[in-house]
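Hello,

Here is the structure I promised to pass on. Please have a look through it, and then read on for what I found.

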Amino acid sequence: MPEVSVPLIDPLGPHVVVELLPDDPASDLIVAPSPQGLTSKAHILAVGPKVPDLTVGDTVLCRPMQGTEVGPHLLLPASAILATLMEP
């Protein structure tokens with residue numbers, strides 16, 4: 001697992017702090033426009049007390065446009081987390 005930085009804030013209620021991951025390289029097999037910025041992979045750095053199904057260190061698929069930048073991290077409502085990604 002990659003090293004994750006410690007968040008500067010502790011989220012309240014139904015919020016999480018994430019660190020966005022770089023986009024996957026483009027495929028040469030599929031030629032389709034990619035909607036930039038709509039979904040991204042991220043690491044969960046901190047979880048608010050009203051988020052029961054996520055833990056620190058999870059890799060998730062999220063909607064970064066719904067968040068607020070806080071220093072180098074992103075504060076997201078839990079509703080902006082679409083899925084937890086499993087390691088292959």
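Strands β1 (residues 15-20) and β2 (residues 40-47) pair in the antiparallel sense, with 5 bridges between them. Within this pairing, Val-17 stands opposite Ala-46 in β2. Please keep in mind that this is a predicted model.

Strand β1 has another partner as well: 4 bridges join it to β5 (residues 73-77), and these two strands also run antiparallel. There, His-15 stands opposite Pro-77 in β5.

Stepping back to the chain as a whole, you will find 6 strands and 0 helices, so the order along the sequence reads β-β-β-β-β-β. Of its 88 residues, 30% count as buried. Take the contacts between residues at least 6 apart in sequence: 58% of them join residues at least 24 apart. The accessible surface of the chain comes to about 6100 Å², and carbon and sulfur atoms account for 61% of it.

One residue I would point you to is Thr-59, found in strand β3 (residues 59-62). Is Thr-59 buried or exposed? Its relative accessible area is 11%, and because buried means under 20%, Thr-59 is buried. Its side chain makes a polar contact of 3.3 Å with the side chain of His-43. Leaving aside neighbours within four places in sequence, Thr-59 is in contact with Leu-21, Ala-42, His-43, Ala-83, Thr-84, Leu-85 and Glu-87.

Enjoy exploring it!

Best wishes

Notes: Residues numbered from 1 in each chain as written. Predicted model: local features only at pLDDT ≥ 70, side-chain atom pairs only at ≥ 80, totals over all residues. Heavy atoms only, no water. Buried < 20%, exposed > 50% of the residue type's maximum accessible area, 1.4 Å probe, protein only. Contact = heavy atoms within 4.5 Å. Areas by Shrake-Rupley, 256 points an atom, 1.4 Å probe, with all protein chains shown as cover. Polar contact = N/O pair within 3.5 Å; in protein donor to acceptor, adjacent residues only side chain to side chain. Pairing = 2+ DSSP bridges.
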